[in-house]
Structure formats: C-alpha cells, structure tokens
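Let's take a friendly walk through a two-chain model. Have the viewer open and follow along.

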Amino acid sequence: MSEEFTVEKVMDLKGLPCPMPVVKVSKGIKEVEVGQVIEAHSTDPGSLTDFPAWARTSGNEILKTEEDGDVIKFFIKRTA
Amino acid sequence: MTSIVQEAKETVSNSEEKEPLTMENVEKQLAELKSRIEVLDKKSTDPKVSMIVFSGDLDKVLASFVIATGSVAMGMEVVMFFTFWGTPVLRDKNKSVGGKDTMGKMFGKMLPKGTGAVKLSQMNMGGMGTAMMKSLMKKKNVASLEQMLEMAEELDVKIYVCEMSMDLMGFKREEMIDYNGLEFCGVAKFLEEANNSRIQLFI
C-alpha cells in the first residue's frame, strides 16, 4: 500500500496479552479525530487476527500491518 | 426471525400486485416499505452481549471478564448477570455484616469471599494449582480478576446480581463490592436484556 498518511499517535501495547491490546486500542483511537491514524505495537501473536476483527466490527480501518521481529505494527485509521 | 422475514416478504409481494407502474404507485410502495423497515428496525437487536455468570470458578469468571471487556472494545454494550456460584465472587473481602442465621453464616464461611478467594475449576490441588496459575498469570502479564473487574467498571460494563441467589446463600447487599451501577435483579431483567442482545452466554 503506497498510501501516504501521518501517524498522530503511537501506542505501545508490547507484552500485553488478550484482551488488553484491543481494549487499549479501542480506547486510544477515541483520543484522535476521525480520519486520523494511530500506530499500535503489539507482541501478542493473536493480534494478527484480533485487530482486523476488531476493526471490522468497530468500523475502523487498518491501513497497514508490519511485522518487525516479535513486534506487530498496526496503522489504524479512525473512521468511526 | 424467519417469521419477520416472511412477513416482510409478504408485504413486498402484496404491494407488487399487478398495479400499473405509475409514479403514484411507486411512491405508495416506497412509503409502505419505509414503514415496514421501521417496524423491523424496532424488532432488531442491539449490539449487546448478555452473560450469565453462573460459575464461581476463577477460570470461568476470568473468561467472562475477558469477553466482557473485549466486547466493549468491539463497540458492544455488555450486561453481566451473576447468579448462584457466581454471586460470592462479588462479595467485598473487607466488608462483614451481622445478623445472619446459622445457614447464612455457614455459606458465608464456606464460599469464596471476593475475587481473591476463587479457585480454579480444575487442577486446584488444595489451592496449590490456583496459586501457581495466579503467579503464572502475573508473569505472563495476564490481568488478574481484580484488575478485570476494575477495568469492567471503567468500561461501563453493567453488573446485575441475582437476588434469589443472594437470599438463598444469606448474602446481604451491604457485603457486596462497590461497583458503579451494580444492581440486584431477578430472571425477568436478564430475559429482557437477553431478548435485546445479539449474543447471550451462559458461563
């Protein structure tokens, strides 16, 4: 995806197991405006399926997912 | 649900009966459909999860709170009903009340007093298993039951306690935890909530 965006906020969710990553990210995304993007770092392998499921249900959009060693980086646009 | 769909289909097919395709007819059909959709909207359920927490086991109560907090994250409303063995989990370990009869005192002594005293449903091994699980949870950063309860309160998870279980086991309202919005209820309240929920769980 070559879409350009600016990250408004970075959330460190490393070391947190289920359900904390989605609970925190759902709170954190409400702290930015609709249309803005946050970057969330998780080390919970379950996040790879959980974040997209969370985004679909809550109506937000995952623009990009990157894996950097054990760290999974999600770029999420607040659309709801 | 099938009957609702059928009703809706009938309404649509009825309104299509051999009427000439004039602007007026189309408008009439549209109005009918709109009112029909309004009725369906009212009948549809909210994005809500209703849970019965029947178990008083550490593992099952923990799972209940994981689902509860996760549901709020997903944008859903959550209502938890604590009944039977789940009831003592919500007792406050620092509160004690007098005026109980012998049976009430006995139940009070034998059942866990609050989140800190609940045991695993399996591998408890006289408390050793539970202690090991708790230390493992801490090591792996898994939220404790106390933290889960705190988080649930922060996320506006609604908690109801079964009045009948309280009465049966001799628990008094004054010995329950301070939880914002904690209420006492009977089966009708659960059924009302469950009826309006998309997800209903019995744990």
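Predicted model: local features only at pLDDT ≥ 70, side-chain atom pairs only at ≥ 80, totals over all residues.

Residues are numbered from 1 along each chain as its sequence is written, while chains are lettered from A and ligands numbered from 1 in the order in which they are written.

Chain A has 2 helices and 4 strands, where helices (H or I, at least four residues) and strands (E, at least two) are DSSP runs numbered from the N terminus. Along the sequence they come in the pattern β-α-β-α-β-β. The radius of gyration of chain A, taken over C-alpha atoms, is 11 Å, close to the 12 Å of the globule rule for 80 residues (2.2 Å times the number of residues to the power 0.38), so chain A is as compact as a globular protein of that length. Of those 80 residues, 31% are buried, meaning that 20 or more other C-beta atoms, placed from the backbone, lie within 10 Å of a residue's own.

Now look at the two helices of chain A. The axes of α1(A) and α2(A), lines fitted to C-alpha atoms over the stretch in contact, come within 10 Å and cross at roughly 40°, with angles running from 0 to 180 degrees between N-to-C directions. Contact here means C-beta atoms, placed from the backbone, within 7 Å.

Turning to chain B, 5 strands form an open parallel sheet in the order β4-β3-β2-β1-β5; strands pair if DSSP finds at least two bridges between them. β4 (183-185) and β5 (197-202) of chain B are the edge strands, each pairing on one side only. The twist from one strand to the next averages 25°. Helix α3 (residues 58-73) of chain B packs on this sheet, touching β1, β2 and β5 of chain B, with its direction at about 170° to that of β1(B). Inside the sheet, 6 bridges join β1(B) to β2(B), and Val49(B) stands opposite Val78(B).

Finally, how many residues does each chain bring to the contact between them? Chain A provides 12 residues and chain B 11 residues. On the side of chain A, the largest share, 4 residues, comes from α1(A).

Conventions. Contact = placed C-beta atoms within 7 Å. Buried ≥ 20, exposed ≤ 12 C-beta atoms within 10 Å, placed from the backbone.
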